[in-house]
Structures are given as structure tokens and as C-alpha cells.
Amino acid sequence: LLTDDDVPADMVAEESGPGAQNSPYQLRRKTLLPKRTACPTKSSMEGASTSATENFGHRAKRARVSGKSQDLSVSPTEKLFWKSFKGVDTDLGQIHCHRLANTVGKKTGFNIWCVTLKWKSNQKYINFLFCLTILLRKRLYMEVFEYTRPMMHPEPGKFYQINPEEYEHPNPWKESFQQLYKGAHVKPGFAEHFYSNPARYKGRENMLYYDTIEDALGGVQEAHFDGLIFVHSGIYTDEWIYIESPITMIGAAPGKVADKVIIENTRDSTFVFMEGSEDAYVGYMTIRFNPDDKSAQHHNAHHCLEITVNCSPIIDHCIIRSTCTVGSAVCVSGQGACPTIKHCNISDCENVGLYITDHAQGIYEDNEISNNALAGIWVKNHGNPIIRRNHIHHGRDVGVFTFDHGMGYFESCNIHRNRIAGFEVKAYANPTVVRCEIHHGQTGGIYVHEKGRGQFIENKIYANNFAGVWITSNSDPTIRGNAIFNGNQGGVYIFGDGRGLIEGNDIYGNALAGIQIRTNSCPIVRHNKIHDGQHGGIYVHEKGQGVIEENEVYSNTLAGVWVTTGSTPVLRRNRIHSGKQVGVYFYDNGHGVLEDNDIYNHMYSGVQIRTGSNPKIRRNKIWGGQNGGILVYNSGLGFIEDNEIFDNAMAGVWIKTDSNPTLRRNKIHDGRDGGICIFNGGRGSLLEENDIFRNAQAGVLISTNSHPVLRKNRIFDGFAAGIEITNHATATLEGNQIFNNRFGGLFLASGVNVTMKDNKIMNNQDAIEKAVSRGQCLYKISSYTSYPMHDFYRCHTCNTTDRNAICVNCIKKCHQGHDVEFIRHDRFFCDCGAGTLSNPCTLAGEPTHDTDTLYDSAPPIESNTLQHN
């Protein structure tokens, strides 16, 4: 049941007299505003200014009316209402709720009288009256405020609408009414009607109504009012709204409030917040600046919202639009400008959406910023906002642009589908961007240039048309902990003297290299995962530099790391593995340092060096390659020192085609083929102080016009020969130790001349000589997987070709009495023992069906990486 406490005391009629109906209702204008014609208004508040009372008068107070003095007779309408509830056992009491009745008005059909119930046995009556009370409160509420859902105002600067059925309070309409009833109302055309019909609006004597926002602002300032203004449904055009006090202005309309309360200016900034508006609030309305002439020459840079020095208003749930091609939609400028802008829609503007400059700050949260002609957000000249959870998208320019020393903290924003970069940093700007999603940009994701800086931390950067991150022209950002993936080009692209720290990122699935470094750029790249790219992992070219350390680079389609065209990076302590081509690829004068890396399990070589490249490769572990460990070819160079190279499917090191590397102090072991293979004119190579052991083929094979220098190497425990030199090659052998190799120590093919000095060839197993002395076919000890060096014969009687080799014991036994010819002393396996000749071998036992009769180990597969560049 309603009691006297149900309606706020300020709602009780307190004033009466003839002036209540006849006095004018215009308040004095603010002196700082331009003079304009204003509708007459009426002041009904205590404490109104002297000028207001002198010019327009005021209503005299009347005594509070007691419920006991009222006429409590029941009208015929009310009796008919109660009669409709048959069976209700009631004692018609006289507990009055005349205040609620007067507030709702006579048009509800009756004046409500409550009943005295038999409380313990008639709970349904209590429920009925409670529901009736809520219904009447809702009707009153919607008549006064227009809201179709209760608007809660629990504290200054905070408004939100709720669903009544989900709210914990039993009567949210009443609670909201109590929070809002002290406000003034801007309702064009209603003020005169309201003040002319006091009987119709009993209970609202303390409410103020105005025709214009300007009048309401002047009224609340002159009367020292609470400062709460409701702007009702309608379009308010060309009012001069300069706010320099802590007023609260909120739209009041049914449905989606902001769509129905529209404030527009065609000549000047629509809202201007000035010093003194520290705690002002504007919310739930559409704010537009729509100049008649939109050309840049016609007007100065005006804005929808202009927030100046030393003010910190709250802008909440507003729709902000500007068709001006000069000024931004929202301009926050000057020291101490620190607004809170939240839940707003800043879209479809013909210039910048939100512009923060000249040391301004502020908090900008949960806004929708889209389809603006220039950047969604500009931050410049030491502007330092906090921008959280904004949705910045479909801009016709960049999403966020920070420049000229702009700063700011950007967190959890969704930035996507902007025509240029999602986020651009320029000219000493230094923003912090954390946990944002930057994606589907029509060019790049993040673009840092012209000495830009910034910290980009834990963002998701993906599906951009160009690189996820671009860094250029002496810029130096920090890119840390981001996921950069599925770009239509590269992941991070650093060029034009760019720098930066690229750290702890997950970079994957990009169409081009995960990281590209070019044109004298020198970033620090560390602790990243760069993987599953459709191209290479890291691509350093055109004199690129940089320190690339402790990254994991794996499962990329092309090379894990490319270094080319005069580049000199330092690659240190990286794990480069499981690539579908080469691990690290130096070509076309690629240089730099490759040290302390793990390079393994690539489809091609772990490292390739070619065409004038001259890197320093030291202290790496290179293993598990499906081709070789290191391949140096086509005039490649390099210093290859102190590496461990093992378990590669082919030679640990290949040197060929006029290449001239230096190998020192490497351990080359347990290869599934040879240790070092030098052939096809691998000229002048220096092999010094290496340990070469436990390889399946020769520890060192020198072939085809090559002439290296081998000095102080240890070549031991091999499953074939120690050193084999064949096919017109030469060598200089000094101070080497060759021991415990299965086939023997040193084998020289026919016509080979070497220079030897101080070598120790000792304790080798000499399995070839032992097999020959026992009369065995050499195929018995080599199968078709090894090529022991011994006397090579052919049989004219059996019509063997130049490609068929027959060992000396098979000549003596299997081809006894045949027309045979000695060819040369060289590497081969016995085709007779292999069963590839017409007559079966009588020495080897069951033949192995194999037709591989190549003299040398199979040459390495050269990658076609350049074709993909």
C-alpha cells in the first residue's frame, strides 16, 4: 500500500496563489551567450535570483496539505471499480493515497482509494494492490520522463536503463523517479501549457519546464538548481550551448533515447565545454554539426563536441555526427582537458572522429567509431588519453593515428577494416597498445614511420592485406607478445633504417616471410615463434642488419632464415627447425653471423651458402637434415667454426662449384652419408682442426677438380674410408690424423696427386684389403650403399658397359677366362656381386636387385628458393 513516504517530499504541492497560473516563465539569459529571443519561462524554485523575482515574480508558498483535511468520499467510478472484484472480503478503509492520485491525474479514470484488508488471510489483495501501485508509478514515470525502461541514476555522472523484470528492487519505476525528480525539463511547447494548468499537474509544482536548452542552462545557473536537465524528444537546432558549470544534461525519450533527442548546429560547435565544467554530464542524445556550406573555405574548424582546458565532463551514450570537412567530430584540446567519453557512437563523419591534442587526456571507453573520412582517432602534441574497449572500424583512412609526440594507452580495442593501417604512429609519437585486435586492414595492421615509437603488447594482428606490422624511417617501437598471423603478405616488415624490439611474438601463417628486414634496418628480434608461414620465416635483404636471437623458427614453406644482398644480421641462439626447404640460406652476398643456433630437421640442407655470401657460422648444432648439414656452392664463402654437424641424411658439409669456405674446429659426425664432400671445383677450401668421425661414408671425399687444404684434422671411426680423392682432384694434406676407419685411411684414385706432410694414418681396419686377400667380392662388404675404392675392371665378354664395375676377385673367379680390362683405381661397388650382370656372381651369394652404379655419392639437392623470392 502507498503511504505518505512513497512520494518524495519535494513532489508535494507547496505553493499556491494567483501567480501560479498567470506569471511569465522566462528566466534571465546567461550573460556570456549572444542575445537571442527567448520564450517566456516561469521560475518556481526557492532561492531564485533577485533579478528573476523582480522582473517576473514568483509563486507564493502554500501550506502543505494534510491528508486528513481532504474529501474522502468515494466516487461512482471508484465504486464500480471495486465492485468488479467479486468475492473480495474487504473493509473499505480510508487509508488515503491522494498524492498518487493527484500525480497520475483524473484521466486515469478515478481517484485511487486504498483498502484495509484482512492481511493474514487475503494475500491476493496485497499482491493486487502492489501490482496496481507499480502500474500507476510506471504511467506517471513515462508521462514525466518518457522513458519506456527505468533510467537509474545511483550517483552523479552515472545513468543506465534497466529491464524492470530483471531488477532486484520491487518497484524500479518508483526508485528511478526518486532519483530523477529534481530535474528541469526541456520540452518545447509544453512549458506554457504546464504553467497554465496547475490543477492538472498537482504534485509537480517543483518541476521546471523550458522551451530551449539555452533557457534551461540559464535557469539552473541563476537559481542555483541541482543542475539536472532532461532534454525531451525533438530536434534542437542552432542553440548556443556553452557549458561552464557542473550541469547534467540527459536525453529523455521512449525507446532508444539517443535517436529521438537530436541537438544540431549549422554555424558553430554544437557543444563547447569550458573551464568550470569539471563534473558536467551529457548523455543519451544525438549531437550533430551540420554546416549548410560544407566547403573548407566557408567556416572555421568547428566540432560536434569541443572540450577545452581544465574541464572533465562525462559524455555518455551519445550519437555524434559531423558533416564538416574541417573540424573533427570530437575535439579535446589543452592542458587539463580530461573528459570521460563512453558508450558513444562517433561515425560517418567527414573528418576525424575523435581528436585529442595539446596535452589533453581523458578516458574513452566502449565507443563505436566507424566510417569516418579521416582517422577514427587522432592523438598528437603530447595528448595522452586512455582508450579502452572501443570498436574502430571501416574508416575511410587509418583507424588510429598518433603523431607529433602523441601518446596514449589503448587497451582491448577492436580495430579492423580500415582503408589504410589499423594503427599508425609517426613523428616521435609513443602510444601504448595492449590486448587490441587489429585485423582485416586494407593495407597494413600497424604502421610506424618517421621516427615513431610505441609499445604494442599482447595484441592480435591478423588478416591484413599488407604486413601485420610495418616499421620504417628510423622508427623504434616495441612489438612484444603479439599474435601476428594469417596476413596476406608478411608478419613484421622493417625497412628504410627501421629499428625496434620485436620480442616474444607468435608469428605464423603469413603469405610472405614472418619477419622481413631490409635497407639498413637494424631491429632486435628475440624470443619469437615464427612458424607455418606460406613463405619463409625471417628474410633479411638489401643490406638489412639486426640482432636475431633466441627465436624458434619452424615449419615454414621456404627457408627458415634468408640472408641476401649485402645483409649482415647476427643470428644467435635460435632454434630453426622442421622447415620444408633450407634452415638458413645465405645467397647473393649475404653475410652476417650465425652462432649458437640449433638448426635441424629440414627437408633440404640445414645451411646453404652461395654466390659470394660470406657469413661467420660458429658454435651451431646442425643436424637431421634430409639433404646435408651445410652446403656451400656457386662461389660461396664463409667461416664455419666450432659447429657440431651430425645425423644428416647426406654429407655433413658439401663444398662445390668454385666455393672457398674455411672450416675450423667443427665436429662432423654420425652422418648417414659422408662427413665432408668437396667436388665440382670446390677450390682452395681450408679444412683445419676438425673432428670428423662415425660417418657412414668417407670422412672426407674430394672429387672433380677440387683442391682443398686439410690441416690438423682428426678423421676417425668412420664406417667407410677416412679420406678419398678421385676424379682429377688434388689436395694438400698436412698434419692430419686418420685412424680406425673401416675401409682404410687414405684412398687415392688413378691419376690423383696430393701434397702430404706430417700426416698420421694408423690403426684403420682395412676391410677392403682384407676382403681382397680373402677372395671375397667387394660387394659383400659394401652392398650398394658404399663405394670402396679399389681396382675397377670391366668384362668385354659379358659386354659390360662403362657404367658397370667389377672387383678384382670377381674378375678372377666369376669372369675367369673372359676378355677383361682394367679401367682404373677408383670408387665403386661391384656390379657382379650386385647381380646386375647377365651371369650370376659365384662369390657374393644371393644378389641384391639394384641398378645404382654411380661412382660418387649422390649430389645434394639444391633448393630453388630464389625462384620464390
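Predicted model: local features only at pLDDT ≥ 70, side-chain atom pairs only at ≥ 80, totals over all residues.
Asn-390 counts as buried because its relative accessibility is 1%, buried meaning under 20% relative accessible area with a 1.4 Å probe and protein chains only.

The side chain of Asn-390 is joined to that of Asn-367 by a polar contact of 2.8 Å (a pair of N or O atoms within 3.5 Å, of which, within protein, one must be able to donate a hydrogen and the other to accept it, while residues adjacent in sequence count only if both atoms are side-chain atoms). Leaving aside residues up to four places away in sequence, Asn-390 touches Tyr-364, Glu-365, Asp-366, Asn-367, Ser-412, Cys-413 and Asn-414, contact meaning heavy atoms within 4.5 Å.

## Thr-662 in strand β63

Thr-662 belongs to strand β63, which covers residues 662-664, and it counts as buried because its relative accessibility is 12%. Apart from residues up to four places away in sequence, Thr-662 touches Gly-638, Phe-639, Ile-640 and Leu-686.

## Cysteines

A search of the whole structure finds zero disulfides, a disulfide being a pair of cysteine sulfur atoms within 2.5 Å. Cys-304 is accordingly in no disulfide, and the nearest cysteine sulfur, that of Cys-349, is 6.0 Å away. Cys-304 counts as buried because its relative accessibility is 0%, and Cys-677 counts as buried at 8%.

## Basis of the values

Residues are numbered from 1 along each chain as its sequence is written, and side-chain values use heavy atoms, with hydrogens and water left out. Local features need pLDDT of at least 70 and side-chain atom pairs count only at pLDDT 80 or more, whereas totals for chains, interfaces and linings use all residues.

Note on methods:
Helix = DSSP H or I, 4+ residues; strand = E, 2+ residues; numbered from the N terminus. Buried < 20%, exposed > 50% of the residue type's maximum accessible area, 1.4 Å probe, protein only.
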